[in-house]
Amino acid sequence: MKALISIFIICTSCASASEVTKLNIVTERGDEIEAQLNSPKNTQGKLPAVIIGPGQGYHMDLPLVKQLAEKAIENNIIALRFNWHYFTNSGKPSEGLSNEVQDMTAAINYIKTLPNVDVKKIMIAGKSLGTLVAYKTFKKNQDLFSLYLMTPLCTWHWDEKGTQVEPFP
């Protein structure tokens, strides 16, 4: 289940100590997600990485997601933040968030291809709706290092296999 990757690279230098690459990542279903990769400058060896999924109506350039990426860079962690495919196409989240899990999985598959990433230290993070997607993705990917939930939603319930179940009354 390797995602095809279509990269449109625009490399720029920003005021902080990072290199910025804007790209589009193609998901398993053939949809593109807009992403931005921030890599610390002047580092050697393999680095940890964090992939950040935004909230339902909260894109990758809004403060909480952007600030987490900036903090990651300050700590020599590569940061990949992206927008859900539905968000950039004025749509809605998919039933059971299956497309959004594919979006995040495509981002994970992309980051694993980078030669400067320590694949044993890939973290995923989510904000709001992104916490639901990150949790589901984390449960399916045992090789991920850690999970970070920002403003988590706590009303969606899954059983021990990750299957969605009805909330408690």
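Helices (H or I, at least four residues) and strands (E, at least two) are DSSP runs, numbered from the N terminus. The model is predicted: local features need pLDDT of at least 70, side-chain atom pairs count only at pLDDT 80 or more, and totals for chains, interfaces and linings use all residues. Residues are numbered from 1 along each chain as its sequence is written, and side-chain values use heavy atoms, with hydrogens and water left out.

**View 1. Gln36 on strand β3.** Gln36 lies in strand β3, which covers residues 32–40. Its relative accessibility is 7%, so Gln36 counts as buried (buried means under 20% relative accessible area, exposed over 50%, partly exposed in between; 1.4 Å probe, protein chains only). The side chains of Gln36 and Asn38 make a polar contact at 3.3 Å. Such a contact is a pair of N or O atoms within 3.5 Å; within protein, one must be able to donate a hydrogen and the other to accept it, and residues adjacent in sequence count only if both atoms are side-chain atoms. Beyond its neighbours within four places in sequence, Gln36 is in contact (heavy atoms within 4.5 Å) with Val20, Thr21, Lys22, Met60, Asp61, Ala79, Leu80 and Arg81.

**View 2. Strand β4 and its partners.** Strand β4 spans residues 47–53, and six of its seven residues are buried, so it is largely enclosed by the rest of the structure. Two strands pair if DSSP finds at least two bridges between them. β4 pairs in the parallel sense with strand β6 (residues 117–127), over six bridges. Here Leu47 stands opposite Val117 of β6. Four bridges join β4 to strand β5 (residues 78–82), and these two also run parallel. Val50 stands opposite Ala79 in β5.

**View 3. The crossover from β4 to β5.** From β4 the chain passes through helix α1 (residues 63–74) to β5, and this β-α-β crossover is right-handed. That means that, with the strands pointing away from the viewer, the path from the first strand over the helix to the second runs clockwise.

**View 4. Helix α3.** What span should the 15 residues of helix α3 have? At 1.5 Å a residue, residues 98–112 should span 21 Å; the end C-alpha atoms are 21 Å apart, which agrees. The expected span is 1.5 Å times one less than the number of residues. Buried residues of α3 include Val101, Met104, Ala107, Ile108 and Ile111.

**View 5. The whole chain.** The chain holds four helices and nine strands. Of its 169 residues, 44% count as buried.
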